[in-house]
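I opened my notebook with the sequence and the model side by side. I wanted to write down, step by step, what I looked up and how each term was defined.

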Amino acid sequence: MYNSGAMDVRLAIVILAAGKSTRFHSKKSKLLHTLCGQTVIEWVLDAVLPLEPQQIVLVHGPHNEAELREALGDSYSDGEQQVGLTYALQHPALGTAHALLQAEPVLEKGITDIIVLPGDAPLIDDETLSMLFEARDESGAEHSVLTALAEDPTGYGRVIHSGDPGSGIIDAIVEEADASEEQKYINEINSGMYLFSANVFDQLRQAAETIGKSDVKGEYYLPDIVKMAPTAACLTDDFVSISGINDREQLAWAEGEILDALRRSWMQAGVTFRLPETVYMHADVKLDEDVEIGPNCVLVNGTEVGRNTVIGPGCVLDNANIGENCTLLHVRALDCDVDNNVTVGPYANLRPGTHLQDNVKVGNFVETKNAVIGQGSKLPHLQYVGDADLGENVNIGAGTIFCNYDGINKHRTSIGNNVFVGSNSSLQAPVNIGEGAYVAMASAITKDVPANALAVGRSRQENKEGYATRLREKAQRLKEQRAAEKQEGAGQAGGKQ
Ligand code: UD1
Ligand code: MG
């Protein structure tokens, strides 16, 4: 609970989201598009949770109610705290003042203050929002509005007051559509983010009667509240934090801002980035101290990397849990676990269900899936290891394929400790190879191999002395015979002319 002066604040957040995302050209609400793995609306919710609101209300339209409810449910948690989400329908959409009024019936009893935000400004943060309390308390105003200086204020509501930008009580906020040519030169703009006392609803109803709808847009304007009660301007020098997202270009720009902040905070936490601007990552990724991330890496969906591990260049880690002291080079890892002191790559594909235990070595052009590879085992080059359990210190030769699929079903292969499988072998699952067994290279293994046995699954070599010479002579005779036939054919054709 925010403590404002002597009074305890019981805060509600109202997020206005009844607008249509026309410029996104998307079947999905723009609030559900993602930046660094998190939806636009989740970024907004993350910004307000540290303010310890009692309740969050989402004002939606009929067009996006179902998808918002499905995506967000009836409460939101950032891992530390959980706040209830209430939904309020605005239909028809008659403007931002009308939108806020729809939240009133669902507000909990005893709410003293309301922060109102647009749903599409994902770069907002709790520090900027808490300035709204300070501006209000210092000025003695009833409400406060977050304002900013815009290089190009086109499209925004202009803030009109007698003092310096961001100071004192606001006289009026004039929308672009209603502004005079002179007012359009004002570059202090309304962010669309407000702190209101609970009197705002009565005041908005009064405004609807006395001021009414805009002649130009036919909407009830929320910024008209400044004419009903003293409202303080609260200037932020961080224009980025109040920016809204209206199309995919702005989405990409905002994601870039978030990425930049994420990478910088990991660098401050002890992670080295080589060419940080080439690394894409999600907000839920976790990196230990002394991790190093090379160029052109992608780390997403809760990927975690342990101390002293070097990732990249060129790794794509998706929900991968990588331990300490590992080296991964040009690796794609999806839904898998890698323990400590493991080296992988270059060019390895670790598919879901892969678990590489301590000291494993996976080399180039290796694919694993649903496979547990025991401590110290080696898959040095060119293997497919699917649906398998390998013990410790197993060595699988180059080109070995675990034949796990019979065309209809998948089967498992089990390999004991210290097994050696020679190069270019095919292991037909289901099959078990006992501890310490040896598989001769190029074997087709179709039945179990007992512990410490040597399995040879190929035909025996036979040498036929002098046979190659005879073959060559035969081939040479054939060549000469064909050349003679060709010449004869050409002579006959010439004779007919
Ligand atoms: C609004 C402000 C403007 C401010 C700008 C900042 C008004 C009249 N103007 O303008 O002063 O500079 O934001 O971005 O408020 N919404 C509803 N129901 C409605 C209309 C809008 O829920 O009937 C929601 C929208 O989904 C959006 C937010 O309110 O999240 C703002 O609406 P928008 O139409 O974008 O207002 P602007 O014209 O940008
Ligand atoms: Mg807008």
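The entries below go from the ground rules to the ligand, then to the domains and a few backbone details.

Entry 1, ground rules. I noted that this is a predicted model, in which local features need pLDDT of at least 70 and side-chain atom pairs count only at pLDDT 80 or more, while totals for chains, interfaces and linings use all residues. Residues are numbered from 1 along each chain as its sequence is written, chains are lettered from A and ligands numbered from 1 in the order in which they are written, and side-chain values use heavy atoms, with hydrogens and water left out.

I looked up the residues around ligand 1 (a heavy atom within 4 Å of it) and found 20, of which Leu 16, Gln 90, Thr 96, Glu 175 and Asn 190 come nearest. Sorted by class, this shell holds 10 nonpolar, eight polar and two charged residues; Ala, Val, Leu, Ile, Met, Phe, Trp, Tyr, Cys and Pro count as nonpolar, Asp, Glu, Lys and Arg as charged, and the others, Gly among them, as polar.

Which atoms of Gln 90 and ligand 1 lie 2.7 Å apart? They are a polar side-chain atom of Gln 90 and a nitrogen atom of ligand 1, and I checked the pair against the cut-off for a polar contact (N or O atoms within 3.5 Å). An oxygen atom of ligand 1 lies 2.8 Å from a backbone N or O atom of Gly 95, and the side chain of Thr 96 has an N or O atom 2.7 Å from an oxygen atom of ligand 1. On its own, ligand 1 has 740 Å² of accessible area (Shrake-Rupley method, 1.4 Å probe), and the protein covers 79% of it.

Strand 3 (11-17), helix 3 (96-101) and strand 13 (188-197) each give two or more residues to the shell around ligand 1; helices (H or I, at least four residues) and strands (E, at least two) are DSSP runs, numbered from the N terminus.

I found domain 1 (11-242) and domain 2 (271-455), with bounds from an automatic or database domain assignment, and their C-alpha centres lie 50 Å apart.

His 91 and Pro 92 are joined by a cis peptide bond with omega about 0°, and Pro 92 lies in the loop between strand 8 (82-89) and helix 3. The bond from Ala 429 to Pro 430 is also cis, with omega near 0°.

Definitions and conventions. A polar contact is a pair of N or O atoms within 3.5 Å; within protein, one must be able to donate a hydrogen and the other to accept it, and residues adjacent in sequence count only if both atoms are side-chain atoms.
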